[in-house]
Amino acid sequence: MNLVVGAGLGGLAVSIRLAACGESVTVFEGNSYPGGKATVFDLNGYRFDAGPSLFTLPEQVDALFELADRNPREYFNYSKQSEACRYFWNDGDRFQAVSDPETFAENVSRHFGETSEAVLDYLSQAAVSYKSLGKIFLKKSLHRADTWISKPVLEAIPQVRVSDLWHSMHTQNSKAFENPKVIQLFNRFATYNGSDPYRAPGLMTMIPHLEHGVGTFFPQGGIHAITESLFKLALDLGVRFEFNAPVSKIVCQTDGSVSGLEVQGSLYSGERVISNMDVVPTYRQLLPHIKAPEKTLAQERSTSALIFYWGIRDSFRELGLHNIFFTEDYQAEFRDLFENKRIHEDPTVYIHISNKCKIEDAPSGCENWFVMVNAPHDRETDWDEVVPRIKKQILGKLTRLLERDIASLIECEEILTPLRIEQRTQSFKGALYGAASNNPFAAFLRHPNKARKPDGLFFVGGSVHPGGGIPLVLNSAEITADLIGREKRRA
């Protein structure tokens, strides 16, 4: 029996992979619903996806259905978007970034003065890095010796640019481009996993390949449709779910191996425990009797987020599905986030508007705005003081750049702070992606998918290898299921 702690996307995906191989799986979730951060709510006629908003690599979701010998289209559908993002700067400059790399390069050249060849060379290198290095850093356990002697990895290693290991993402972007706005545009991809582009390794310059090589997508039904479809598939495969069932302890035998879970005073026996809970509370709350890997747990956390969900009583043609309003001083913003533990006075603002693709998500003539600014991973912030101040700054910025009084258009509002993120999802200090990737060794320092001790304990989700965000969480489920399968075959 496999016991899974948490029904987030990682927990759902690993339970599907195990059940598809004939394993018995029971998932315990403290909330009354599945999905973790990928949930949904309605407010005064407006529908909001509460968590992740960007969807890339849909084939990873499809793969779970195909593994279970199901037709993905009977569960889950999506459409490719021709546009990746719309960018806005404080001086009034605007740029619409299309997904197609050739057209994107031509538009960058025309708008910013960079050569289209420079942009295409950059994206080409991003594709090479992703397709080769992704085999190492995203698809395999970095904590197994046989990973490093496998044929795909040996073929990929020569593709590594030494400068990508020792130079920062910003340094590499500054070498590739001259226009500061283009550099800022590509620097922002560090936020894919909540990191600082001025310290994150140049390897992360592979990330733009997702938007301008593979493309961005929108699930039919919104991001929460991913949760709904995977939950239905898991049920169809016989996975058992216990909701409103917070786990209080991972139980171990005298020989040091796991024997099950304690849930609300009841004991559930299992050969393996797979934790989809953040690695820090897993050790601190569920394994206080086990010596924790303190160096791993002490790693710098990723950014969190302050999110405003606004029902907007108007529509904006100048806005798309994804929109970014940049700060004037990007480096100062990340310095504030990671060193000063505060939200920058002129924060970069991200707005996701799902009813641009799913019109029924808002009343006629209205829009549902998911408005997010990066926030520090922190428990000490007085959010009662910070929230109204940051809201005022955001409204001032948007009102000036969109030339409409945004405050007067807000019909309803919900707010999510880092503290509430931690309370709802057990994400340590509200960090959305577990550990940050702010040094060349970050990938190797993340907690592995299998614990050294106790035996039989595995991990899945954004706080462990290979990281946070929907694609990496689904990768973690594949890695973890593979590790479990290897152990079974050896037994």
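Tutor: A salt bridge is a side-chain nitrogen of Lys or Arg within 4 Å of a carboxyl oxygen of Asp or Glu. The model here is predicted.

Student: How many salt bridges does a search of the whole structure find?

Tutor: The search covers the whole structure. One of the pairs is aspartate 62 with arginine 73. The count is 27.

Student: How far apart are the closest N and O atoms of aspartate 62 and arginine 73?

Tutor: Aspartate 62 sits in helix 2, and arginine 73 in the loop between helix 2 and strand 5. They are 11 residues apart in the chain. Their closest N and O atoms are separated by 2.6 Å.

Student: Is aspartate 62 buried or exposed?

Tutor: Its relative accessible area is 7%. Buried means under 20%, so aspartate 62 is buried.

Student: Which residue meets the side chain of lysine 181 in a salt bridge?

Tutor: Lysine 181 belongs to helix 8, and its partner lies 88 residues away, in the loop between strand 6 and strand 7. The N to O distance is 2.9 Å. The partner is aspartate 93.

Student: What is the relative accessible area of arginine 199?

Tutor: Arginine 199 forms a salt bridge with aspartate 196. Aspartate 196 is buried, at 6%. Arginine 199 is partly exposed, with a value of 35%.

Student: Which residue's backbone oxygen does the side chain of serine 304 reach?

Tutor: Serine 304 lies in strand 14 and counts as buried because its relative accessibility is 1%. Its contacts include Val373, His377 and Leu432. At 2.6 Å, its side chain reaches the backbone oxygen of glycine 430.

Notes:
Residues numbered from 1 in each chain as written. Predicted model: local features only at pLDDT ≥ 70, side-chain atom pairs only at ≥ 80, totals over all residues. Heavy atoms only, no water. Helix = DSSP H or I, 4+ residues; strand = E, 2+ residues; numbered from the N terminus. Buried < 20%, exposed > 50% of the residue type's maximum accessible area, 1.4 Å probe, protein only. Polar contact = N/O pair within 3.5 Å; in protein donor to acceptor, adjacent residues only side chain to side chain. Contact = heavy atoms within 4.5 Å. Lists of a residue's contacts leave out its neighbours within four places in sequence.
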